[in-house]
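I opened this notebook to record what I looked up in the structure shown below. The entries follow the order in which I consulted the model.

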Amino acid sequence: MSTDTDSVPLTSPRVGLSARLASIGRNDLPASIVVFLVALPLSLGVAVASGAPVAAGLIAAVVGGVVAGLLGGSAVQVSGPTASLTVVVAESVHHFGWAATCFITIGAGVLQILFGLSRVARAALAIAPVVVHGMLAGIGVIIALQQVHVLLGGSSLSSSFASLVALPNQLRSVHKSDLCIGLVVIVILIAWRFVPSRIRAIPGPLVAVVAATVLSLVVPTHVERIVLDGSLLDSLGLPAVPSGSWMVIVLTMVTIALIASVESLLSAIAVDKARPGTRTDFDRELIGQGSANVVSGLLGGLPIAAVIVRSITNAHAGARSRAATVLHGVWILLFAVALAGLVRQIPTAALAGLLILIGMQLIKLAHIRLARRTGDLYVYATTVSSVVFLNLLQGMVIGLALAFALLLWRVVRATITAEQIPGSRRWVVTIDGTCTFLALPKLTAELAKVPAGADVTVEMTVDFLDHASYELITDWASRRESDGGTVEFAEIGSARMATALAGPPERGHSRKVIDQVIGPWRRTGNREDPIVAGIAAYHRGHAHLLRPHLDGLRHRPDADSFFLTCADARIVPNVITNSGPGDLFTVRNVGNLVPTPGGDVSVEAALIYALEKLDVRAVVVCGHSACGAMDALHREVQAGPGLGDWLAHARPSLERYRLGHPVADAAALAGFGEVDQLGMVNVAVQLETLHAHPIVRRGIEERGVAVSGLFFDIATARVIEVTVDGIAEFDDGEIAAEPA
């Protein structure tokens, strides 16, 4: 017996050491090489864009692979220096210096560890996606603006405003060699999407940077190249305590911690979607990311976060365990120590071209279209502008504040209208949404439109009603009634006038409204007449909704379907068929029986009337589970005159059941008991009786009338199709798609 290690986690006790090593060699080792080739140029580019030593990017990549890979909450997520942190790191380097920025990275890592230990990881996801998208787009704009100057042969500037102001002058002093090298990288990266998939297995960024470096060495021209003093080990350095405002220092730590945490968690979600059946431990992920940032800061590396591109690449490359992530860090370490001379040959313009394209890719048209569709485009644009022209933290705070304000406006507002019914003296005042004191100006203005003496229906579809709104509405209604007018309330929503003063206002739940409409009466000890109480609730609730539908049916007695079902009170035809007034011509009797012609005048009269006068398009017979008539028939109970005479019409169903019927076999296979099996056979026998009826047969032949059987399972509230020789489940997807 062989063990399929591809379907068992490598940490499982069922997987032996040899099997684990085999899986690492077969899956994780190739994936680690692919991720290494993707991460290497990106790590160098992020370091250059951040204004940090080039070695800091390599150190962060090594630490991100080894430390975050071992301690994080995802098995295949890849961490390292990320473009989303370049802006805040560049500002920190500019204000405090590189050694102090390493201290800030340590502080940010400690905060992330505290986030993970306090188990608030999921709370970090409670940031409006449009703000995250706007923040990333703003970072992309900043990266592109800064690196354009490097592409043109200059130096990146500290602010977006300065970059824009200096751009015209930079365009007048272009260094052609640097520009050509950068454009080569951009062209290769764009064209790489269209090469054959086998060739595209080689990472495009690596191909572009290598090609640009070789070109710069072959062509006799001067270009600026990366400065790397000594080897990676020589670049290791201790952090320094920053000098300056500790308020700014703490804010920078918090900013790095928040951005790194949010990006890591979003990346984890994307990886989980790419690998169905896996689930990231978000709290452990933050602890792992924080630990990696502490180590990276101590060694002189950049801040670290999980990177979506590298993580998805790792997953798609076949990684199965943490070994792939750790090995990719080892490969970067070996490369940086043994081949540091190659790094010094890379032109800075090549990395600038790479970063410009990365920055532009952070501005996703799909996010802009989504924000436009959802009405969040103002939030997106404001967040982008604030990030670009202020700073990252302020931009995120402004975006969140605007998103919250927009949410508050959408949630608390109420739609209020007052309109006259055409051709009538009646007015309808509609109040829909959350009715609070904030709606009083609009409410007062709309109520003032209603002329004196008019009859008014106040349709309230509200989920929250505070005392101020209640008093205004009731005072207005009292004045109109005292002046001889009439005011009728139709309370459709979950918040009701009757309970408005019973206590503090509370938001109602739609489920309560549904329960009130379709839920059965509850028997209580009081002597209230349930019919009278139900009619009163109907008048207060949804009578107003039915009125326009019924008014249009006054002169249209036609129906869509003839629906014969049992008299059992648990069967509500319009509910289980999702139909409304005028759809079903319903006939009910004990056992949903169709007596043979001449056997029962009432059923035959209804059938003739429906087919010849109402022009129905379908004839339906519907049985149900736990049917008392079928139980009595099955046990052959002597019901006495009247009921016994009626159940005699069902004797053919019992005989067919006892002889063995395919419908009974199918029902038994589906797990139904004997009484329910008989109930389904009874439906099948009634279908045969209907097909033999001359009126029904003529309708089928002349107008294509459909004859069908149903069975309602009360325990599951599901409807099953019954045919003359079997049963079947309905395809809910197709049924739901029909109205569209």
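**Entry 1: a helix pair**

I began with helix H29 (residues 662-669) and helix H30 (residues 674-692), which pack at an angle of about 145°, their axes 8 Å apart. I noted that the model is a predicted one. The H29 and H30 crossing is right-handed. I then listed the residues in touch: Val663, Ala664, Ala667 and Ala668 of H29 meet Gln677, Met680, Val681 and Ala684 of H30. Sorted by class, the contact of H29 with H30 has seven nonpolar residues, one polar residue and no charged residues.

**Entry 2: the chain as a whole**

I next turned to the totals. The chain holds 32 helices and 12 strands. It has 740 residues, and buried residues make up 46% of them. Among the contacts with a separation of 6 or more, 75% are between residues 24 or more positions apart.

**Entry 3: the nonpolar cores**

Which residues touch the most other members of the largest nonpolar core? I found Leu85, Trp98, Val131, Ile139, Leu302 and Leu392, in a core of 55 residues. Helices that each supply at least two residues of this core include H1 (17-50), H5 (129-151), H10 (246-274) and H18 (392-412). The largest share, eight residues, comes from H5.

I looked up Ile139 separately. With its neighbours within four places in sequence left aside, Ile139 is in contact with Ala83, Ser84, Thr86, Val87, Leu362, Val387 and Leu392. There is also a second, separate core of 46 residues, and Ala667, Met680, Leu687 and Val722 are among its members.

**Entry 4**

I followed an open sheet whose four strands are ordered E3-E4-E5-E6, with mixed pairing. Why is one side of E3 and of E6 left without a neighbour in the sheet? Strand E3 (414-420) and strand E6 (487-491) stand at the edges and each has a single partner strand, so one side of each has no neighbour there. On average, neighbouring strands of this sheet are turned by 15° against each other, direction ignored.

E3 pairs with strand E4 (residues 426-435) in the antiparallel sense, over seven bridges. I noted two bridge positions: Thr417 has Thr430 in E4 as its partner, and Gln420 stands opposite Trp427 in E4. E3 and E4 form a hairpin with five residues between them, and Gly423 in the turn has a positive phi of about 75°. Helix H20 (residues 467-482) packs on the sheet and touches E4, strand E5 (455-465) and E6. The direction of H20 makes about 170° with that of E5.

**Entry 5: Thr417**

I examined Thr417, which is found in strand E3. Is Thr417 exposed, partly exposed or buried? Its relative accessible area is 30%, so Thr417 counts as partly exposed, because that class lies between the limits of 20% and 50%. Not counting residues up to four places away in sequence, Thr417 touches Val428, Val429, Thr430 and Glu446. Glu446 is 29 residues from Thr417 along the chain, and their C-alpha atoms are separated by 6.0 Å.

**Entry 6: the sheet of six strands**

I then traced an open sheet of six strands in the order E8-E7-E9-E10-E11-E12, with mixed pairing. Its edge strands are E8 (584-589) and E12 (727-729), each of which pairs on one side only. Neighbouring strands of this sheet are turned by 30° against each other on average, direction ignored. Strand E7 (residues 561-566) and E8 run parallel and are joined by six bridges. Within this pair, Cys566 stands opposite Asn589 in E8. Helix H25 (residues 601-612) packs on the sheet, touching E7, E8 and strand E9 (618-624). The direction of H25 makes about 170° with that of E8.

**Entry 7: two positive phi values**

Last, I looked at two loop residues. Asn578 lies in the loop between helix H24 (573-576) and E8. Its phi is near 50°, a positive value in a residue other than glycine. Asn578 is exposed, with a relative accessible area of 71%. Ala626, in the loop between E9 and helix H26 (628-634), has a positive phi of about 55° although it is not a glycine. Ala626 is partly exposed, at a relative accessible area of 47%.

Technical notes: Residues are numbered from 1 along each chain as its sequence is written. This is a predicted model: local features need pLDDT of at least 70, side-chain atom pairs count only at pLDDT 80 or more; totals for chains, interfaces and linings use all residues. Side-chain values use heavy atoms; hydrogens and water are left out. A nonpolar core is a set of buried Ala, Val, Leu, Ile, Met, Phe, Trp, Tyr and Cys residues joined through side-chain atoms within 4.5 Å. Buried means under 20% relative accessible area, exposed over 50%, partly exposed in between (1.4 Å probe, protein chains only). Contact means heavy atoms within 4.5 Å. Axes are lines fitted to C-alpha atoms, for helices over the stretch in contact, and angles run from 0 to 180 degrees between N-to-C directions. A crossing is left-handed if the near helix is turned anticlockwise from the far one by less than a right angle, and right-handed if clockwise. Ala, Val, Leu, Ile, Met, Phe, Trp, Tyr, Cys and Pro count as nonpolar, Asp, Glu, Lys and Arg as charged, and the others, Gly among them, as polar. Two strands pair if DSSP finds at least two bridges between them.
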